[in-house]
Amino acid sequence: METDIVVIGGGSGGYAAALRAAELGKRVMIIERDKVGGTCLHRGCVPTKALLHVAETADSVREATSLGVLADLQGFDVPRMHAFREGIVAKKYKGLEGLLRARGVETVIAEGTVVAPGRVRAGDVEITASDIIVATGAQTRTLPGVEISGRVLSSEQALALDEIPGSVIVLGGGVIGVEFASLWRSLGAEVTIVEALDHLVPTEDDALRTQLARAFRKRGIQTRLGARFASVAQTDTGVTVALEGGDELHADYLLVAVGRAPVTAGLGLEDAGVQIDRGFIVTDADLRTTAPGIWAVGDVVAGPQLAHRGFQHGIQVAERIAGQHPVPVSDELVPRVVYTSPELASVGLTRAQAVERFGEDGIAVVDYNLAGNARTEIIGGSGTARVIRRVDGPVIGVHLAGPRVGELISEAQLVVGWDAHPEDIAPFIHAHPTQSEALGEAFLALAGKPLHVL
Ligand code: NAI
């Protein structure tokens, strides 16, 4: 068989590359061992956000009476909850398959391996192509001696759990850890997060870490920070987690959320001349690997493991192969959203990174308290908007915590991505009352002319 481009892996990065390349007139084939849509659609972003919407609805019912809506949270119908989640995924999956078909992208369900530059094997079939795009993604990482089985879960099993656990220990206070902790707590479980570092979501700005820690404390989520995991034992009814230092924790389940490792082994990459470093594929800014005509996109390339970074990688590579000169994806400009209650959203440099790069005197920071925002008050919640600029220079970081703030990050992304100065943004009007006004207020303050704050 022969085509122009073979994409190995039909997840966010791979299918975006295929769609864009087809749009640019290329013949494209995706080799996918499971289902197009990958982790994000089937086991990650989409189904977890569906369950987090269930959690938010439960919290709304709990608060309803205080708003004058007489409602009682009577419990949960777990099969129906999962039917809702599966229904969303099924619809998006069908839509994606249809889109690929309509663009003329051929999908082969098989295990793909690289034979050599320009040659790929899909099961028993060999395909030649002028370009190969590796988009095989990432998979759950675990710790030595910790096997994912029975009551020791990865996010994939946690997602499909057929009961609401009475209690859970979450190992790792990164993004997966805090999202599941938030979900299970809203569903009524006792949750303890064990995190090796001194903070939850340790890579986020300290303003967001503080907001999340405070909110989780109020919600009754327990945290063991700076705690070193030693071992886990399980019985038919529960797990016992031992920490270094001798403490033991007991719960119905353990969720292991200590990161995700790139899937690059066994694909024939190194033999084909692709350099790999600690599991990740080494690329240049164009996402070209060290082997001719082989490119890499998404989680196999070191950097933030986010679906939307994968999409943009895919678009970039498709356009580059088609002879265009797309702007390379900047990892610093990839927006991040954590769908906990409260949500966290950020783009650009954290305060610590900004200080490291420009010095304390080289930056200015404004923290706007969302308590001053009418819409936030109405929908219930609290939070913060931290904006960071270079002195007399552009906005370089935006960090938000609060209800639904994930939807606000698009404006922040344009501001940071376009190197806008707060003075440039000040004349733009934010509708009242919206949560977006909080950003407007923060930018006004950063420009030295705050309106509703002192
Ligand atoms: P992560 O890298 O975000 O967090 C892992 C956490 O585990 C870190 O805080 C780390 O310090 C901690 N840890 C590592 N070893 C430990 C040990 N032995 N004991 C205690 N703590 C330990 O990885 P996570 O949460 O598994 O997520 C994987 C990827 O998926 C991330 O890159 C994340 O960005 C992505 N993701 C993104 C989401 C979003 O954008 N909303 C949602 C879920 C996942």
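This is a predicted model: local features need pLDDT of at least 70, side-chain atom pairs count only at pLDDT 80 or more; totals for chains, interfaces and linings use all residues.
Biologist: What radius of gyration does the chain have?
Modeller: The radius is taken over C-alpha atoms, and the globule rule is 2.2 Å times the number of residues to the power 0.38. With 454 residues, a compact globule would have a radius near 22 Å, and the chain agrees with this at 23 Å.

Biologist: How many helices and strands does the chain have?
Modeller: Both are DSSP runs numbered from the N terminus, helices being H or I over at least four residues and strands being E over at least two. Counted in this way, the chain has 13 helices and 24 strands.

Biologist: What percentage of the contacts in the chain with a separation of 6 or more comes from residues 24 or more positions apart?
Modeller: A contact here means heavy atoms within 4.5 Å. Among the contacts with a separation of 6 or more, residues 24 or more positions apart account for 63%.

Biologist: Why is strand S21 described as largely enclosed by the rest of the structure?
Modeller: Buried means under 20% relative accessible area, exposed means over 50%, and partly exposed lies in between, with a 1.4 Å probe and protein chains only. Strand S21 covers residues 343–348, and it is largely enclosed because six of its six residues are buried.

Biologist: Which strand is joined to S21 by six bridges?
Modeller: Two strands pair if DSSP finds at least two bridges between them. S20, residues 336–338, pairs with S21 in the antiparallel sense over three bridges, and a hairpin of four residues joins the two. The strand joined to S21 by six bridges, also running antiparallel, comprises residues 395–402 and is S24.

Biologist: What is the omega of the peptide bond that joins Ser341 and Pro342?
Modeller: Pro342 is found in the loop between S20 and S21. The bond that joins Ser341 and Pro342 is cis, with an omega of about 5°.

Biologist: What distance separates the C-alpha atoms of Ile378 and Pro433?
Modeller: Ile378 lies in helix H10, residues 374–379, and is exposed with a relative accessible area of 60%. Pro433 lies in the loop between helices H12 and H13, and a cis peptide bond joins His432 to Pro433. Although 55 residues apart along the chain, the two C-alpha atoms are separated by 9.7 Å.

Biologist: Is Val201 buried or exposed?
Modeller: Val201 lies in the loop between strand S10 and helix H7 and has a positive phi of about 30° although it is not a glycine. At 2% relative accessibility, Val201 counts as buried.

Biologist: What is the relative accessible area of Arg404?
Modeller: Arg404 is found in the loop between S24 and helix H11, and has a positive phi of about 60° although it is not a glycine. Arg404 is partly exposed, with a relative accessible area of 44%.

Methods. Residues are numbered from 1 along each chain as its sequence is written. Side-chain values use heavy atoms; hydrogens and water are left out.
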